[in-house]
Amino acid sequence: MSSGNSDGKKPELKHIASVVRALINSCKPPCFLRDILKDYLEVEGTPLPYRSLGYRTAQELLGIEFLEE
């Protein structure tokens with residue numbers, strides 16, 4: 001994992017985790033990453049800020065090891 005987990009980013013990461021968890025729970029299976037990213041933008045008004053948190057990809061931030069699309 002990247003250095004994106006500095007103490008100053010913890011509140012933001014907790015908020016993102018909460019929002020993403022809610023989006024996944026409200027998603028009718030199967031729930032794809034593209035759906036989560038689209039819904040996150042609609043709910044938060046901004047794209048998932050993985051780069052500003054020090055991650056290379058949204059998958060890296062969310063801890064997704066593989067995708068089936």
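The legends below describe close-up views of a predicted model.

**Figure 1. Overall arrangement of the predicted protein, which has 3 helices and 0 strands.** Along the sequence, the pattern reads α-α-α. Helix α1 covers residues 10-26, helix α2 covers residues 33-44, and α3 covers 58-62. The protein has 69 residues, of which 28% count as buried. When contacts between residues at least 6 apart in sequence are considered, 55% of them join residues at least 24 apart.

**Figure 2. The crossing of helices α1 and α2.** Two packed helices are described by the angle between their axes and by the distance between those axes. For α1 and α2, the axes come within 10 Å and cross at roughly 115 degrees. The crossing of these two helices is right-handed. On the α1 side, the residues that meet α2 are H15, I16, V19, V20, L23 and I24. Their counterparts in α2 are I36, D39, Y40, V43 and E44.

Figure 3. Neighbours within four places in sequence are left aside here; beyond them, V20 is in contact with I36, Y40, L48 and L62. Of these partners, I36 and Y40 are among the α2 residues at the meeting of α1 and α2. V20 and I36 are 16 residues apart along the chain, and their C-alpha atoms are separated by 7.0 Å.

**Figure 4. The cis peptide bond between P29 and P30.** Most peptide bonds are trans. The bond from P29 to P30 is cis, and its omega angle is near -5 degrees. P30 belongs to the loop between α1 and α2.

**Figure 5. R34 and the ring of F32.** R34 lies over the face of F32. The distance from R34 to the ring centre is 4.6 Å. As for pairs between aromatic rings, the structure holds 0 of them.

**Figure 6. Salt bridges of K38 with D39 and E42.** The structure holds 3 salt bridges, and two of them are shown in this view. K38 meets E42 in a salt bridge with an N to O distance of 3.3 Å. Both residues lie in helix α2, 4 residues apart, which is about one turn of the helix. K38 also forms a salt bridge with D39, in which the closest N and O atoms are 3.6 Å apart. K38, with a relative accessible area of 45%, is partly exposed. D39 is likewise partly exposed, at 21% relative accessibility. D39 is also among the α2 residues that meet α1.

**Figure 7. The salt bridge between R56 and E60.** The closest N and O atoms of this pair are 3.0 Å apart. R56 counts as exposed, at 68% relative accessibility. E60, in contrast, is buried, with a relative accessible area of 18%; this value falls under the 20% limit, so E60 is classed as buried. Elsewhere in the structure, salt bridges that share partners join K38, D39 and E42 into one network.

**Figure 8. L53 and K9, separated in sequence and brought together in space.** L53 is found in the loop between α2 and α3. Its relative accessible area is 1%, and L53 is therefore buried. K9 lies 44 residues from L53 in sequence, yet the C-alpha atoms of the two residues are 7.0 Å apart in space.

**Figure 9. Q59 of helix α3 and its position relative to L33.** Q59 is located in helix α3. With 26% relative accessibility, Q59 counts as partly exposed. In sequence, Q59 and L33 are 26 residues apart, whereas in space the C-alpha to C-alpha distance between them is 7.9 Å. L33 falls within the range of helix α2, residues 33-44.

How values were computed: Residues numbered from 1 in each chain as written. Predicted model: local features only at pLDDT ≥ 70, side-chain atom pairs only at ≥ 80, totals over all residues. Heavy atoms only, no water. Phe/Tyr/Trp six-rings, centres within 6.5 Å; stacked < 30°, edge-to-face > 60°. Lys NZ or Arg CZ within 6 Å of the ring centre and 35° of its normal. Salt bridge = Lys/Arg side-chain N within 4 Å of Asp/Glu carboxyl O. Buried < 20%, exposed > 50% of the residue type's maximum accessible area, 1.4 Å probe, protein only. Axes fitted to C-alpha atoms, helices over the stretch in contact; angles between N-to-C directions. Left-handed = near helix turned anticlockwise from the far one by under 90°. Contact = heavy atoms within 4.5 Å.
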